[in-house]
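Biologist: I would like to learn how to read a fold from a coordinate file. Please take me through one case.

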Amino acid sequence: MKARILQRSDVLKVVDLLRQRGYEVIAPFRGRGRDTYFDTVSEHNRDQIQLHLPNPYYPPKRFVFPHIERMMKFQRANGEIHIEPTYEQPKRAIFGIRSCDLAGICHLDRFYLGREFCDVYYENHRRNLFLVNVVCSDPDQDIGEECFCVCTDTGPAARDYFDLQLMDLGGDEVMAVAGTPAGEDLFSDPIFRKAAAEHVDKRHALLDRLRKSFKKDTTSWFSATVRYISQSEILEKTWEEIGNRCLECGGCTYVCPACTCFTVSDRQVGPNEFERVRTWDACALSGFTRMAGGFNPRRSVHDRRNRRFFRKLAHYFIQRELSMACVGCGRCAAVCHGDIGMPRVVEMIRAATNEARTT
Amino acid sequence: MTTPATENIYLPKTAVLERVVSEIPEVKTFYWRFEDATEQQTFKHFRPGQFAQVSLFGVGEFPTSLPPSPTEDETFFTVRQVGSCTSALHQLNSGDRFAVRGPYGNGFPMEQYYGKNLVFVAGGIGLIPLRSCIVYALSNRDKYRHIQIFHGAKTPGELMYVPKLHEWEQTPGVECHLTVDRATDDWKGNVGVVGSLFKKQGIEIPVENTIAFVCGPPVMFRFVIKDLLAMGFEERNIVSTLERYMKCGVGKCGHCCIGVAYVCVDGPVFTYEQIRRLGEDI
């Protein structure tokens with residue numbers, strides 16, 4: 001991979017370069033207080049783009065997997081039915097995607113594009129997507145209380161899967177690393193100059209420091225929990241304990257960069273016109289598995305919690321998708337009112353199972 | 001808007017309803033064809049035990065078993081009216097359009113069962129998915145050994161595919177045993193649950209080299225499994241097909257995922273050994 005250096009004051013020129021190349025650029029902005037969000041860049045907000053800020057709770061996943069997406073239209077005329085699929089194929093760039101969210105997209109790619117069938121809607125969003133990863137290098141602003149990418153091995157600096165990676169080295173220097181030919185293509189612009197060995201050393205030193213500034217430390221517990229879950233060693237009462245704390249709001253799913261489930265529904269849009277849309281769905285909700293007629297194989301809350309964590313952590317699925325369906329962003333921990341986000345659950349399972357084994 | 005190269009797995013193809021036959025109360029069989037003849041030809045290569053997604057415009061989509069055997073000419077679904085989509089289907093008349101996509105799922109590995117005895121145990125509408133296997137096995141009669149069919153229903157009026165049952169009863173080399181929970185005056189057959197047939201005089205179920213297909217309501221399933229295991233059946237020689245809430249049918253929407261399996265792509269056919277390991281209610 002090729003590395004370049006650019007001036008801190010030139011960093012937003014990367015956004016300009018992408019816009020000149022015809023990309024709709026999405027970037028992070030600050031709202032009030034902790035509120036941060038991704039939005040489309042225009043002439044009006046270009047200067048407000050933030051390099052360092054707490055990662056928005058609403059993940060950039062929606063740019064590849066929109067939370068409501070039209071799939072097709074049905075038109076009825078003279079007893080005939082016309083079905084027309086509806087596709088969106090944007091040319092889009094996400095500037096400032098964090099390493100955890102990048103790992104999320106990598107996971108979604110393997111899930112939607114791989115396996116037996118390829119999801120054409122996802123593929124369309126993904127095809128022309130340009131990813132500018134920004135390394136979380138400011139421990140005060142970028143790294144939150146709940147962040148644990150060091151435990152899931154997805155951050156703070158992504159190793160690949162970006163087109164371009166930017167890392168603020170402090171002072172006036174930002175390191176740019178190209179991950180793809182498309183990313184390297186940007187290096188022809190004069191804002192980029194050659195990086196020297198000292199910059200690479202600086203990067204390593206900074207990353208070493210950063211890794212120590214995470215507040216969560218569930219690194220070693222993840223492996224134990226993955227093993228316990230995969231071997232079905234978790235006691236029913238541990239799931240019950242977790243289930244008792246779940247308010248069934250589905251918030252954890254809504255903010256998760258690696259959750260893939262959706263539901264499909266039809267709606268009428270005209271006298272003889274209908275459309276089929278898909279929307280995000282959550283396994284926390286009791287209707288998720290309820291069949292017509294009312295039979296629900298997963299009635300209790302703890303069964304549904306068991307499902308979520310099993311799907312995310314079981315070795316079988318890790319092997320299948322080559323990564324856990326958890327990227328360590330910490331959003332579920334931040335939004336969960338019952339305090340059963342991923343890090344807490346990993347800890348609860350590890351502690352309870354370990355205790356049961358030793359007594 | 002450009003047309004992508006990747007096939008759209010969610011796109012159903014329009015079908016015409018040809019005729020509707022009432023089976024039992026709330027259950028009808030819908031004979032249909034794809035409007036496009038090539039589509040019809042491609043679809044017909046399904047395997048017994050696979051399923052299809054049926055679209056009712058403006059209402060939604062639901063998964064349903066394929067009761068015909070690929071060896072038959074007609075394509076049809078047998079559907080109980082239970083939710084919004086199935087109710088919408090029940091309201092359609094001959095000539096009406098709906099849409100279908102599929103076939104999906106693994107299906108029964110009928111070729112692996114060559115040279116084996118086949119025992120079919122169906123409770124109520126559990127006969128719908130098994131009908132496909134039975135017809136398939138009978139059209140390849142020389143490939144299989146002994147074939148036994150056990151079908152139970154609540155009342156004689158709720159026995160499924162009655163003309164077919166009579167045909168099977170008359171077919172040489174096939175045993176077809178019927179039972180009902182509650183008899184009516186004109187019922188001369190067995191009264192009792194399906195399992196009660198297994199112990200009847202003159203009925204002998206071979207355990208060695210036999211595959212048992214079991215489909216039916218959860219209670220029936222549990223008891224039949226118990227009976228079969230007591231007879232000495234190995235868990236891996238008992239097969240069934242699972243039913244789950246599904247949206248996509250192609251392993252993406254996540255609704256049907258139990259344990260490590262996505263019922264739509266890894267199933268819906270599982271051996272009892274696999275079902276037990278999945279660890280969820282049937």
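Biologist: How many helices and strands are there in chain B?

Modeller: This is a predicted model. Chain B holds 8 helices and 15 strands.

Biologist: What radius of gyration does chain B have, and how should I read it?

Modeller: The value is set against a rule for globules. A compact globule of 282 residues would have a radius of gyration near 19 Å, and chain B agrees because its own value is 19 Å. The C-alpha trace spans about 70 × 45 × 35 Å along the principal axes of chain B. As for burial, 49% of the 282 residues in chain B are buried.

Biologist: Which share of the contacts in chain B joins residues at least 24 apart?

Modeller: Counting contacts between residues at least 6 apart in sequence, 68% join residues at least 24 apart.

Biologist: How many residues of strand β7 of chain B are buried?

Modeller: Strand β7(B), residues 117-123, has 6 of its 7 residues buried, so that strand counts as mostly covered by the cut-off of 20 or more other C-beta atoms within 10 Å.

Biologist: Which strands pair with β7(B), and in which sense?

Modeller: Strand β11(B), residues 210-215, pairs with β7(B) in the parallel sense over 6 bridges. Strand β8(B), residues 147-153, also runs parallel to β7(B), joined to it by 6 bridges. B:Val121 shows both pairings: it stands opposite B:Val214 in β11(B), and its bridge partner in β8(B) is B:Phe150.

Biologist: Where do side chains point along a regular strand?

Modeller: They alternate between the two faces of the sheet.

Biologist: Into which domains is chain B divided?

Modeller: Domain 1 covers 13-104, domain 2 covers 117-241 and domain 3 covers 243-282. The centres of domain 1 and domain 2 of chain B, taken over C-alpha atoms, are separated by 25 Å. Their contact takes 15 residues from domain 1 and 14 residues from domain 2. On the domain 1 side, β1 (13-24) and β5 (75-80) of chain B each supply at least two residues. By class, that side has 7 nonpolar, 5 polar and 3 charged residues.

Biologist: How many residues of chain B are in contact with chain A?

Modeller: There are 35 from chain B, in contact with 41 residues of chain A. On the chain B side, β4 (60-65) and β6 (97-104) each supply at least two residues. The classes on that side are 16 nonpolar, 11 polar and 8 charged residues.

Definitions and conventions
Residues are numbered from 1 along each chain as its sequence is written. Chains are lettered from A and ligands numbered from 1 in the order in which they are written. This is a predicted model: local features need pLDDT of at least 70, side-chain atom pairs count only at pLDDT 80 or more; totals for chains, interfaces and linings use all residues. Helices (H or I, at least four residues) and strands (E, at least two) are DSSP runs, numbered from the N terminus. The radius of gyration is taken over C-alpha atoms; the globule rule is 2.2 Å times the number of residues to the power 0.38. A residue is buried if 20 or more other C-beta atoms lie within 10 Å of its own, exposed if 12 or fewer, and partly exposed in between; C-beta atoms are placed from the backbone. Two residues are in contact if their C-beta atoms, placed from the backbone, lie within 7 Å. Two strands pair if DSSP finds at least two bridges between them. Ala, Val, Leu, Ile, Met, Phe, Trp, Tyr, Cys and Pro count as nonpolar, Asp, Glu, Lys and Arg as charged, and the others, Gly among them, as polar. Domain bounds come from an automatic or database domain assignment.
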